[in-house]
Amino acid sequence: MIHWKLSHKLGMKVVKELDMPSNQDILLVFALQGDVTEEAICRIVEYSLSFSKNLLMMDMHHDVILLDRNGNLIRMYTVESEDTYVWLEKRVLDGQLSLEKSDMDAYLTRKDYTNRYATVFYVLNERPSDDVFGEAVEYIVAT
């Protein structure tokens with residue numbers, strides 16, 4: 001993470017700072033692991049949308065990552081108004097998203113998002129068996 005050219009020029013070590021993907025401090029992630037039943041899908045979708053809505057009502061704008069069924073990014077979406085929340089709700093409820101925890105873990109790791117946000121809320125249908133991110137993520141079990 002040392003910026004070697006600038007460090008040499010200034011005569012002291014300078015560390016590179018990572019850019020934030022947006023101006024938001026909160027990233028909301030939701031995914032399924034273990035037994036994927038229709039009930040589990042409904043519960044995770046309902047809980048995640050409710051969580052997002054509550055953040056918005058507290059004026060806490062936040063980002064949500066949406067992956068397609070192949071685990072590729074559809075869009076990173078910032079929820080900052082009622083209109084943007086309605087768009088997110090429609091996109092999530094259309095059912096064309098990947099809700100696999102392994103897809104989300106791979107994407108978050110590849111893009112290093114857990115280190116770019118002050119708070120990452122990871123909503124799951126059950127406690128993660130493999131804690132990939134440690135204290136960088138706050139896990140929430142949808143009940």
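Residues are numbered from 1 along each chain as its sequence is written. Because the model is predicted, local features need pLDDT of at least 70 and side-chain atom pairs count only at pLDDT 80 or more, while totals for chains, interfaces and linings use all residues; side-chain values use heavy atoms, without hydrogens and water.

Helices (H or I, at least four residues) and strands (E, at least two) are DSSP runs, numbered from the N terminus. An open sheet is formed by 5 strands in the order E3-E2-E1-E4-E5, with mixed pairing. Two strands pair if DSSP finds at least two bridges between them. Strand E3 (73-79) and strand E5 (138-141) stand at the edges, and each has a single partner strand, so one side of each is left without a neighbour in the sheet. From one strand to the next, the twist averages 25°. Strand E1 (residues 26-31) pairs with strand E2 (residues 62-67) in the parallel sense over 2 bridges. Leu27 has Asp63 in E2 as its bridge partner.

H2 packs on the sheet. Its contacts (heavy atoms within 4.5 Å) are with E1, E2, E3, strand E4 (119-124) and E5. The direction of H2 makes about 170° with that of E1. Axes are lines fitted to C-alpha atoms, for helices over the stretch in contact, and angles run from 0 to 180 degrees between N-to-C directions. H3 lies across E1, E2 and E3, at about 150° to E3.

The largest pocket has a volume of about 170 Å³. A pocket is an open set of points on a 1 Å grid over the protein atoms alone, where a 1.4 Å probe fits, with protein on both sides within 12 Å along at least five of seven lines; lining residues have an atom within 4 Å of a point. Grid points are joined across faces, edges and corners, and the volume is the space filled by probe spheres set on them. The lining includes Ile41, Cys42, Arg69 and Leu99. Helix H2 (38-57) and helix H3 (82-93) each give two or more residues to this lining. The largest share, 4 residues, comes from H2.

Asp94 is in the loop between H3 and helix H4 (101-111). At 36% relative accessibility, Asp94 counts as partly exposed. Thr114 lies in the loop between H4 and E4 and, at 10%, counts as buried. Buried means under 20% relative accessible area, exposed over 50%, and partly exposed in between (1.4 Å probe, protein chains only). Beyond neighbours within four places in sequence, Thr114 contacts Val120, Phe133, Ala136 and Val137.
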